[in-house]
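Thanks for coming. I have one structure to go through today, so please look at it while I talk.

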Amino acid sequence: MKAFIVLVKVPNTYTTALAISVNPQWEKAIADWKATGHYITSFAYPGESRIIASGSIEKENMKQVSSILLRAENIDEATELAKACPILKYGGSVEIREIPKGIPQIFAPDATAIPAIPASPTTSAALPIPAAPSPSAEPAAGTTTAFAPAAP
């Protein structure tokens with residue numbers, strides 16, 4: 001199996017309300033990919049973005065809003081999997097690219113499984129987050145902070 005990234009773009013006319021209404025379709029697509037062992041992870045990019053080209057800020061009619069990592073035998077299979085992205089029904093697009101093995105380390109050396117990352121003994125997060133000590137800032141109950149502000 002190889003790893004592929006699916007770059008998800010939406011038109012600038014795609015609203016938050018529409019995104020919320022489409023969310024159940026995304027949940028189904030992800031559940032289907034998980035059931036077949038193709039899903040690795042995904043993440044969204046909320047908020048404002050900028051594109052810089054030739055030294056100036058350009059406005060585009062599409063913006064990238066998320067990335068999805070999938071396992072597939074080849075780009076043809078990855079393309080078929082990506083066709084399940086609900087954004088395609090709403091004027092969006094997806095770009096599929098193969099991720100070279102080892103950059104980043106997505107697969108274990110045998111290229112069949114994702115390596116397990118143990119939780120830190122001080123946090124329940126999957127990846128340890130180094131916390132900066134601060135006598136003036138206490139994190140809220142049930143949260144972990146990466147950096148606490150220094151006392152003024």
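I will take the sheet, then the helix across it, then the cores.

This is a predicted model, where local features need pLDDT of at least 70, side-chain atom pairs count only at pLDDT 80 or more, and totals for chains, interfaces and linings use all residues. Residues are numbered from 1 along each chain as its sequence is written, and side-chain values use heavy atoms, with hydrogens and water left out.

Helices (H or I, at least four residues) and strands (E, at least two) are DSSP runs, numbered from the N terminus. Two strands pair if DSSP finds at least two bridges between them.

Four strands make an open, antiparallel sheet in the order 2-5-1-6. Strand 2 (39–44) and strand 6 (93–99) are at the edges with a single partner strand each, so one side of each has no neighbour in the sheet. Strand 1 (residues 2–11) pairs with strand 5 (residues 62–72) over 10 bridges. In that pair, Val6 is opposite Ile68.

Helix 1 (residues 16–35) lies across strand 1, strand 2 and strand 5.

Now the cores. A nonpolar core is a set of buried (under 20% relative accessible area, 1.4 Å probe, protein chains only) Ala, Val, Leu, Ile, Met, Phe, Trp, Tyr and Cys residues joined through side-chain atoms within 4.5 Å. How many residues has the largest one? It has 20, and Val6, Trp26, Trp33 and Ile68 are among those with the most contacts inside it. Helix 1 gives the largest share, five residues. Another core, of six residues, lies apart and includes Ile5 and Ile99.

Key. Contact = heavy atoms within 4.5 Å. Axes fitted to C-alpha atoms, helices over the stretch in contact; angles between N-to-C directions. Buried < 20%, exposed > 50% of the residue type's maximum accessible area, 1.4 Å probe, protein only.
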